[in-house]
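Please read them with the structure open beside you.

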Amino acid sequence: MAVKPKSRTILEPLGESAVDCSNSSIKSVALATLPDGQTLIYIATVSGVLLLYSLRISQIDPLEIAFIRRLSLPGAGTSNSSSLNYIQPLVHIDKVIVLADGFLYLLDSRLLEPAKRISLFKGVTAFSRKFRSIKSGPHTNGGSQVNYVYSNGGNIDSSNLFAIGIGKKLVLAELILSGSLVILKEIHGVLDGIITTLLWVDNSIFVGTKVGYYLYNCINGQCGLIFSLPDSSGMPRLKLLVKESNVLLMVDNVGIIVDIEGQPVGGSLVFKETPDSFREIGSYVVATRNSAVELYHKKIGCCVQRFVVGNGGGGPCLLADEENESGNLVAVATSLKLICYGKVSEEAQIKDMLRKKSFKEAMSLVKELENEGEMTKEMLSFVHAQVGFLLLFDLHFKEAVDHFLLSENMQPSELFPFIMRDPNRWTLLVPRNRYWGLHPPPTLLENVIDDGLTAIQRAVFLKKAGVESAVDAEFLLNPPSRADLLESAIKNMIRYLQACRVRDLAVSVREGVDTLLMYLYRALNCVEDMERLASSENSCVVEELEALLTDSGHLRTLAFLYAGKGMSAKALSTWRILARDYSSSSKHKDQYVETDLQDPSRKITFSPETAAIEASKILEESSDQDLVLQHHGWIADINQVIAVQILISEKRVSLLSPDEVIAAIDPKKVEILQRYLQWLIEDQDSDDSRFHTAYAVLLAKSALETIDVSLSTQGSVAGRPEKEIKVSERGGGSSIFESPVRERLQIFLESSDLYDAEDVLEMIEESDLWLEKAILYRRLGQETLVLNILALKLENYEAAEQYCAEIGRPDAYMQLLEIYLNPKDGREPMFKAAVRLLHNHGEMLDPLQVLERLSPDMPLHLASDTILRMLRARHHHHRQGKIVHNMSHALVIDASLGRMEERCRNVQINDESTCGSCHARLGTKLFAMYPDDSIVCYKCYRRQGESTSVSGRDFKKDSLVKPGWLVTR
């Protein structure tokens with residue numbers, strides 16, 4: 001629902017002239033605008049006198065209404081029907097038709113010649129020329145009209161067609177060049193009551209009688225009642241609303257708007273009293289009553305302007321308009337004066353309302369004009385910007401920015417002077433557009449607020465003195481504080497600049513938007529927003545922000561800016577400073593907590609590790625080896641995992657030099673060096689024996705340290721409960737590896753063949769890393785030492801037996817058995833292990849040698865079963881070997897026999913013998929015979945090959961086996 005607008009000036013007087021009616025009241029007024037810009041005003045009186053006035057609008061000469069001449073109609077004014085006088089200018093033929101006393105008169109437009117009465121019609125009660133609506137096409141003078149068919153047919157100029165009411169009869173006529181009317185059609189018996197008003201629009205003729213309003217269709221000849229009138233109602237009256245191509249039907253003080261089909265559209269217009277006259281200008285209907293002129297908006301039905309034209313001489317006050325969609329003139333005539341009013345332009349109306357600070361009414365008019373298509377996008381954008389600046393200087397920052405955002409053509413640089421003092425980098429980008437000059441020049445927000453507060457204080461003082469002011473009443477009742485206003489201004493400026501970031505702006509303007517947005521974030525200490533902007537894609541000018549952010553302590557934001565602009569060295573140096581500051585500011589040296597000034601309940605936690613993480617994001621992508629190694633050290637002091645990730649990052653284009661990296665790593669950071677070497681070997685597939693050896697030595701060294709720590713811990717916590725033992729005492733601590741060091745050492749020693757086993761063995765030879773030593777000894781081929789470690793030190797009998805299997809020689813099992821039976825260092829014989837070995841691998845041992853090795857002290861019940869089983873197995877293997885030998889011999893004999901049979905094969909060829917492939921007679925030709933007894937000539941044999949016969953059988957894939965005496969198929 002539309003908001004009821006306040007009163008505003010829509011019509012303003014252009015000129016005034018006295019009217020000499022000779023004590024006779026006026027009955028009709030008409031306007032005619034000529035092609036040369038001159039406007040003729042016709043006034044008809046009751047006495048039958050026609051007065052002509054001239055009005056010429058000029059930008060240079062002052063406007064005045066000039067009386068031209070007076071013309072009396074012959075015989076007019078003698079009948080009581082003179083109240084029906086009506087004037088219809090015909091500009092396209094420079095004529096005027098006047099209805100007086102039931103007759104039609106044709107005059108020239110300047111009343112130079114005597115009036116000519118059209119004698120064909122008598123008793124005329126109403127007439128109307130034909131109007132073309134905007135919907136049916138543009139109005140053209142002298143054009144042809146081909147879409148209406150009348151009784152006489154043919155093409156007729158619609159501008160020369162007239163509908164004439166004579167009592168209850170409706171006549172359609174055409175005005176010809178001779179000045180006569182030719183009847184086209186007469187319509188009888190379709191109307192009730194005498195016709196008092198007519199309006200012809202396109203195919204529809206609206207007829208008003210005392211009974212009601214009718215609609216006659218010129219195409220199909222049908223006439224229907226639109227609605228009937230009550231008996232107490234006044235005379236019906238019609239008005240074409242040219243702008244919307246609608247018709248206004250008056251019922252006393254109510255105007256009903258219908259379309260050209262007679263269907264109601266929109267609402268009705270309700271006037272305060274029954275108007276004497278009503279006309280149209282733009283989106284408004286002008287009505288007069290008792291010398292008072294009122295303008296009603298056609299859509300919302302509200303009166304938007306009212307004025308009095310003065311003493312009207314006691315007679316009616318009548319109106320005339322230009323009867324076209326672009327008309328801007330209205331003539332108001334009384335018995336004493338004639339006043340011409342012009343429509344104030346929409347721009348002037350809006351400007352006047354803004355000057356009065358009626359912002360809502362101004363925007364309501366703007367929206368109305370936009371909906372009606374009377375305001376261009378450029379003008380709409382201009383008005384939104386103008387309203388925004390006015391609201392800005394009135395300290396309504398939220399509403400101001402709302403209008404700025406609706407202004408499509410407003411440039412963000414127009415607000416730069418409100419944020420940064422001139423001159424600055426973007427001063428020349430600010431357009432010098434003062435709009436309508438309704439607001440002061442741009443200045444800093446602080447100055448705007450100070451001036452606004454001064455105005456509020458002045459208004460409060462004036463209010464106490466009884467003087468009204470234009471200051472907002474809310475500010476007068478509750479004056480705002482400077483701090484609140486400044487915060488609101490900055491927040492809304494931030495909102496506008498944030499919205500501008502998604503627009504397609506010039507590079508320089510985009511730089512200004514992002515840089516000033518950072519300024520505003522910093523003013524409110526919006527740390528999170530500052531860092532979000534700095535870490536995302538932005539166009540901030542670092543040189544403008546560097547000193548500001550440094551002085552305010554927002555080094556994180558500065559570091560993000562450096563990184564985003566490719567200034568990696570400065571960014572890393574800043575993160576290094578922050579890491580040091582966080583460490584010194586924190587009580588526990590692990591985190592630093594700040595309170596957000598915008599939201600005190602929110603705590604922002606920083607720590608040296610966060611600085612290291614952000615620095616690592618830069619270093620992981622950097623291929624600048626010197627830069628990476630320069631900052632790697634302090635990051636390693638904070639978090640070794642992050643330090644390792646920097647070295648092994650796959651994001652950089654070119655890898656770092658391994659020798660340089662290894663030389664730069666702190667020797668105390670053993671795990672970092674180990675992880676880097678592991679990455680080189682496992683992920684980069686490095687085959688450099690130096691790296692393999694160094695990695696193995698480092699693992700061995702760490703394994704030895706782990707053993708020492710474990711032993712010392714066990715000694716220091718002796719007698720203490722398990723729950724009291726700290727993790728650090730167990731040697732756990734934080735590590736970049738998930739698996740224990742000994743496990744990694746063992747896996748590497750087993751998997752790699754490129755390390756120097758002697759160097760590693762030298763490191764651990766005096767230690768208790770027996771499994772690692774066993775692996776190394778095996779690598780060096782020291783079988784005896786390996787078996788001794790596995791059997792005696794580790795007592796891993798299964799591993800010892802598996803190692804013997806790897807060797808694959810029987811003497812290895814015998815050597816292991818001897819170790820079990822004769823261990824050194826005063827140990828008892830390991831009879832159970834020896835029995836296990838005999839049980840599992842007895843077939844690999846010579847029974848005689850085993851018996852010789854058995855100790856006399858070995859219990860007989862442990863060895864008897866095993867020795868017996870070993871002997872039986874030995875005998876079984878001997879018999880089985882003989883069987884295999886004899887079977888092999890039989891196969892050899894069978895194969896020899898088969899080969900002999902094949903060689904003894906023969907074939908008989910006669911004169912009828914043919915080739916199995918080409919079917920040519922063989923005769924004395926060379927031929928070949930395949931294993932399946934098929935015969936081909938030598939030519940076909942060469943073509944098919946020796947492995948494929950005529951039947952298509954491939955003997956290499958599908959061998960032919962003939963039954964023998966031993967092997968059968």
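1. Of the 969 residues of the protein, 45% count as buried. The model is a predicted one. The protein has 29 helices and 32 strands. Its exposed surface comes to about 49,900 Å², and carbon and sulfur atoms supply 51% of that area. Taking contacts between residues at least 6 apart in sequence, 54% join residues at least 24 apart.

2. Which strands pair with strand 3? Strand 2 (residues 26-33) runs antiparallel to strand 3 and is joined to it by 7 bridges; Tyr42 of strand 3 is the bridge partner of Ala30. Strand 4 (residues 49-56) also pairs with strand 3 in the antiparallel sense, over 7 bridges. There, Ala44 has Leu50 of strand 4 as its bridge partner.

3. The turns on either side deserve a look. The hairpin of strand 2 and strand 3 has 4 residues between the strands, and Gly37 takes a positive phi near 95°. In the hairpin of strand 3 and strand 4, 3 residues lie between the strands, and Gly48 in the turn has a positive phi of about 85°.

4. Helix 1 (residues 346-355) has buried residues at Gln349, Ile350, Met353 and Leu354. They cover an arc of only 130° around the axis, which puts them on the same side of helix 1. What do the buried residues of helix 1 pack against? Their partners are strand 23 (284-289), strand 28 (337-343), helix 2 (359-371) and helix 3 (377-393). Just after helix 1, Lys357 takes a positive phi of about 65°.

5. Pro236 is in the loop between strand 17 (223-228) and strand 18 (237-241). Is Pro236 buried or exposed? Its relative accessible area is 3%, so Pro236 is buried. Leaving aside neighbours within four places in sequence, the residues in contact with Pro236 include Thr196, Gly208, Tyr213 and Met250. Val211 is 25 residues from Pro236 in sequence and 9.1 Å away in space, C-alpha to C-alpha.

6. Side chains of opposite charge can pair when their charged atoms come close. The structure holds 39 salt bridges. One of them joins Arg495 and Asp402, with the closest N and O atoms 3.0 Å apart. Arg495 lies in helix 8 (residues 482-500) and Asp402 in helix 4 (residues 397-406), so the pair ties together parts that are 93 residues apart in sequence. Arg495 is partly exposed, at 27% relative accessible area, and Asp402 is partly exposed at 28%.

7. Another salt bridge links the side chains of Lys651 and Glu620, at 3.4 Å from N to O. Lys651 counts as exposed, at 55% relative accessibility, whereas Glu620 is buried at 10%. Salt bridges that share partners also join Glu244, Glu280 and Lys298 into one network.

8. Finally, Val907, Phe927 and Met929 make a nonpolar surface patch of about 210 Å². Phe927 belongs to strand 31 (residues 927-929). With 34% relative accessibility, Phe927 counts as partly exposed.

Key. Residues numbered from 1 in each chain as written. Predicted model: local features only at pLDDT ≥ 70, side-chain atom pairs only at ≥ 80, totals over all residues. Heavy atoms only, no water. Pairing = 2+ DSSP bridges. Helix = DSSP H or I, 4+ residues; strand = E, 2+ residues; numbered from the N terminus. Buried < 20%, exposed > 50% of the residue type's maximum accessible area, 1.4 Å probe, protein only. Arc of directions from axis to C-beta. Contact = heavy atoms within 4.5 Å. Patch = residues over 30% accessible without salt bridge, like charges linked within 9 Å, V, L, I, M, F, W, Y side chains within 5 Å. Areas by Shrake-Rupley, 256 points an atom, 1.4 Å probe, with all protein chains shown as cover. Salt bridge = Lys/Arg side-chain N within 4 Å of Asp/Glu carboxyl O.
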